[in-house]
Amino acid sequence: MGLPDGMKGRVAVQGLVKRFGPVRAVDHVSLEVSSGEFLALLGPSGSGKTTILMSIAGFEFPDDGRILIGGEDVTWSPPNKRNLGMVFQRYTLFPHMSVLENIAFPLKMRGVGRAEREERARAALRTVRLGQMGERMPSQLSGGQQQRVAMARAIVYQPRVLLMDEPLSALDKNLREEMQIEIKHLQREIGITVIFVTHDQTEALTMADRVAVLDHGRLQQIGVPRELYEKPETGFVAGFIGETNFCEGTLQRAAMPGDPVSVTLDNGGRMEAVAAQALSAGERIKVALRPERLRVEPGGTDGMAARVSEAIYAGNATTLLLEADDGQVLRARIPAGAGLHEPRPGEAVRLSWQRADARAFMAGS
Ligand SMILES: Nc1ncnc2c1ncn2[C@@H]1O[C@H](COP(=O)(O)OP(=O)(O)O)[C@@H](O)[C@H]1O
Ligand SMILES: [Mg+2]
């Protein structure tokens, strides 16, 4: 009402806290989602993703904090007053209703007349590319088709925000990857705000404009996929997204984010890195280094001396397991076809990297 269109689908979570007995399921989480944005909530099982989604939907009420949708405080509004669509992992369609009746049901609840219901349900069905399936019963559809019907039912009343909780996790890999792209296209097409829960980092990076990473109810980092992968701000994010080598050691001098640091590794070696967060002197430090950012060269005297213990060929790349002279075990990835040296097991090599690719964190972060 009176709100510019560009704000209607905006969602703000402010200082959200939710406890279940002694468990802090959500611990002071704040985030904003723009109208028409696709945000993924990513984290391991139990990190609080579903609880955040349920609080936005109005099925859970917070112990502290506020939820705003389209600028309006809905923290204490019931779900049916929030105008949101929802799709869950196994959104059981009503088994005794046809596909079209299922999709039309939310309109019926809202008192929309029969002819308009039918027309809008058919349009929603076309949107999810199941135009011919309206007369079928849910049991006559595959898992992927059922999820599309669930989506059609969630968007048929044109909600401003679509909430999805692991909607693809019951599907097999190929279908899941197909649906990821399809949902993304559909979201762009209808311009709806989507908040999408997943524990699968590839799914989050593939689908989302921005990703919010959670651990133990706390927001670790929120950013575009590239930022999260290339500039993780906590050790948790560095380890959770993509593959990473961690080398542990200590630091002589404290450092601020972005400072170059020289970490003394436990076995005596040194590692040049960049502080990814504020680091204190004398504390345990871990340095994260992506396998594909390690340069592996046959000889010379520069860099870290290591020996190849295994070379695993995987078509598009070869993964090397390396043991540095100081005992440190590292992985490196050599892309195929780039003309790079592919060392064999037993070969002595030198490892090097760009300082900016080695990111130092406090060990407990
Ligand atoms: N209704 C509930 N009663 C008690 N504990 C709950 C309830 N819902 C969630 N929790 C706990 O809150 C934490 C976060 O759960 P959840 O939000 O479901 O995480 P996720 O969706 O990331 O797996 C977990 O420790 C979980 O056991
Ligand atoms: Mg969950």
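Tutor: Start with contact: it means heavy atoms within 4.5 Å. Helices (H or I, at least four residues) are DSSP runs, numbered from the N terminus. This is a predicted model, where local features need pLDDT of at least 70, side-chain atom pairs count only at pLDDT 80 or more, and totals for chains, interfaces and linings use all residues. Residues are numbered from 1 along each chain, chains are lettered from A and ligands numbered from 1 in written order, and side-chain values use heavy atoms, without hydrogens and water.

Student: What makes the contact of helix 3 with helix 4?

Tutor: Val99, Leu100, Ile103, Ala104, Leu107 and Lys108 of helix 3 meet residues of helix 4, among them Arg117, Glu118 and Leu125. By class, eight are nonpolar, none polar and five charged. Ala, Val, Leu, Ile, Met, Phe, Trp, Tyr, Cys and Pro count as nonpolar, Asp, Glu, Lys and Arg as charged, and the others, Gly among them, as polar.

Student: Why is helix 3 called oblique to helix 4?

Tutor: Check the angle. Helix 3 and helix 4 (residues 114–127) pack at about 120°, with axes 9 Å apart. Axes are lines fitted to C-alpha atoms, for helices over the stretch in contact, and angles run from 0 to 180 degrees between N-to-C directions. Under 35 degrees is roughly parallel, over 145 roughly antiparallel, 65 to 115 roughly perpendicular, and the rest oblique. So helix 3 is oblique to helix 4.

Student: And what is helix 3 to helix 5, roughly parallel or oblique?

Tutor: Helix 3 (residues 99–109) and helix 5 pack at about 30°, with axes 7 Å apart. Therefore helix 3 is roughly parallel to helix 5. Val99, Asn102, Ile103 and Pro106 of helix 3 touch Val149, Ala152 and Arg153 of helix 5.

Student: How do you know how helix 5 lies to helix 6?

Tutor: Use the angle again. The axes of helix 5 (residues 143–155) and helix 6 (residues 173–190) come within 11 Å and cross at roughly 20°. So these helices are roughly parallel to each other.

Student: What makes a polar contact between Lys49 and ligand 1?

Tutor: A polar contact is a pair of N or O atoms within 3.5 Å. A polar side-chain atom of Lys49 lies 2.8 Å from an oxygen atom of ligand 1, so the pair qualifies.

Student: Which backbone atoms come in?

Tutor: A polar backbone atom of Gly46 is 2.7 Å from a ligand 1 oxygen. For a backbone N or O atom of Gly48, the distance is 3.0 Å.

Conventions: Helix = DSSP H or I, 4+ residues; strand = E, 2+ residues; numbered from the N terminus. Polar contact = N/O pair within 3.5 Å; in protein donor to acceptor, adjacent residues only side chain to side chain.
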